[in-house]
Amino acid sequence: MQTTNSGLTTQAAGWELLAARRAEVGAGLPVARALPTARRRSIGAWCFLDHAGPAVLPAGQGMNVGPHPHIGLQTFSWLIEGELMHRDSLGSAQLLRPGQVNLMTAGRGIVHSEESPHDRGGPLHLAQLWIALPDAERAREPAFEHHAVMPRASAGGFEVTALVGQVLGLRAPTRVYTPMMGADLACSGPARLDLPLDPSFEHGVLCLCGAARVDGASLEPGTLLYAPAGRDGTELACDGATRLLVVGGRPFDEALLVWWNFVARTSDEIAAAAADWQAGRHFGPVPGTSLARLAAPPIGELLLRAAPAARHPRAGS
Ligand code: MN
């Protein structure tokens, strides 16, 4: 990593600024996909990071994602504003409210749906992330956990919430399978904090709203700051209301293949999971939802799309 005078706006103190990809899901819900991108496939075991909203959805046009399958990963949902109903093939039915976490472990296979309750519109703002399961755990039985209250502390003008692993001595209750962390930092006015980091982790910082300086590097929504392992802390500073998401983890040394809603190691595994889903095998129904199940994209198209994604993961990501 080079830091030059001319590069200070995009790189400072070893941070690399990466643009998220813009997408839109359903009725005008803007999504910034910070992981994976061409430049970075994962941060620790975090292998997918969607920042959705903030948006106000029209009545009758809430977020409605019908039943779809997952393998090899955990889905992590952190709700900032609004409400979201989760249902899955284990029979879970859980309303997610602001400040709460849903953590679904797909393991060998699970199906879930996510929808605005009663198809209400209204405000929606959330971060949805995937955590890759290590080889020894990725065939485990599926599981679901809901955490209504997360550990919090005030520091330097921020309210800090531990989402995964440890931050500032807070220990998150979420169950994960590799060394990693996640934290939400929110402030309503000026704030400044020297946040200790585990130097064995690589890290990312995403701005969910407002604006921040991370070791002097400017950060606004739509961009991700990335730092490789070796950093033992970072200075976070804000002038006004801001919310940051910090994620980190030991660099994931297994070759990952991320494709549609599956995380695997080979295209044969992906093709088998897609065929099972299309044939109605292996994956169970989601009780309680009236939404139609999502179809997997055509297998030929999937295999083509997988090719660029496989390039970096096969080299280790
Ligand atoms: Mn999903």
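Start by selecting Arg213 and Asp239, whose side chains meet in a salt bridge with N and O 3.2 Å apart. The pair links distant parts of the chain, 26 residues apart. Arg213 sits in strand β21 (residues 212-214), while Asp239 is in the loop between β24 (233-238) and β25. Colour the two by accessibility: Arg213 is partly exposed at 33% relative accessibility, and Asp239 is exposed at 57%. Keep in mind throughout that this is a predicted model.

Zoom in on Asp135 and Arg138: their closest N and O atoms are 2.6 Å apart. Is Arg138 buried or exposed? Arg138 is buried, because its relative accessible area is 18% and the cut-off for buried is under 20%. Asp135, at 42%, is partly exposed. Side chains of opposite charge can pair when their charged atoms come close. The structure holds 17 salt bridges, and one further example comes next.

**Then Arg243 and Asp184**

Select Arg243 and Asp184 and show their side chains, which form a salt bridge at 2.8 Å, N to O. Arg243 belongs to strand β25 (residues 242-249) and Asp184 to strand β18 (residues 180-187), so this pair ties together parts that are 59 residues apart in sequence. Asp184 is buried, with a relative accessible area of 1%.

**The largest nonpolar core**

Select Trp46, Phe76, Trp78, Leu129, Leu245 and Val263. These residues touch the most other members of the largest nonpolar core, which has 39 residues. Now highlight strand β12 (residues 122-132), which gives the most to this core, with five residues. In soluble globular proteins, nonpolar side chains tend to be buried together.

Stay with Trp46 and display what surrounds this residue. Which residues does Trp46 touch, not counting residues up to four places away in sequence? The list includes Leu35, Phe76, Leu129, Trp130 and Ile131. Also among the residues touched by Trp46 are Val164, Met180, Met181 and Gly182, as well as Val247 and Gly248.

Another core lies apart from the largest one and has 29 residues. To find this other core, select Phe158, Ala217, Leu219 and Leu244, which are among its members.

His68 counts as buried at 5% relative accessibility, and His70 counts as buried at 2%.

**Last stop: Pro287**

Select Pro287, found in the loop between α1 (267-279) and α2 (299-314). Pro287 is partly exposed, with a relative accessible area of 46%. Leaving aside neighbours within four places in sequence, which residues is Pro287 in contact with? They are Arg87, Asp88, Ser89 and Gly91.

Terms used: Residues are numbered from 1 along each chain as its sequence is written. This is a predicted model: local features need pLDDT of at least 70, side-chain atom pairs count only at pLDDT 80 or more; totals for chains, interfaces and linings use all residues. Side-chain values use heavy atoms; hydrogens and water are left out. A nonpolar core is a set of buried Ala, Val, Leu, Ile, Met, Phe, Trp, Tyr and Cys residues joined through side-chain atoms within 4.5 Å. Buried means under 20% relative accessible area, exposed over 50%, partly exposed in between (1.4 Å probe, protein chains only). Helices (H or I, at least four residues) and strands (E, at least two) are DSSP runs, numbered from the N terminus. Contact means heavy atoms within 4.5 Å. A salt bridge is a side-chain nitrogen of Lys or Arg within 4 Å of a carboxyl oxygen of Asp or Glu.
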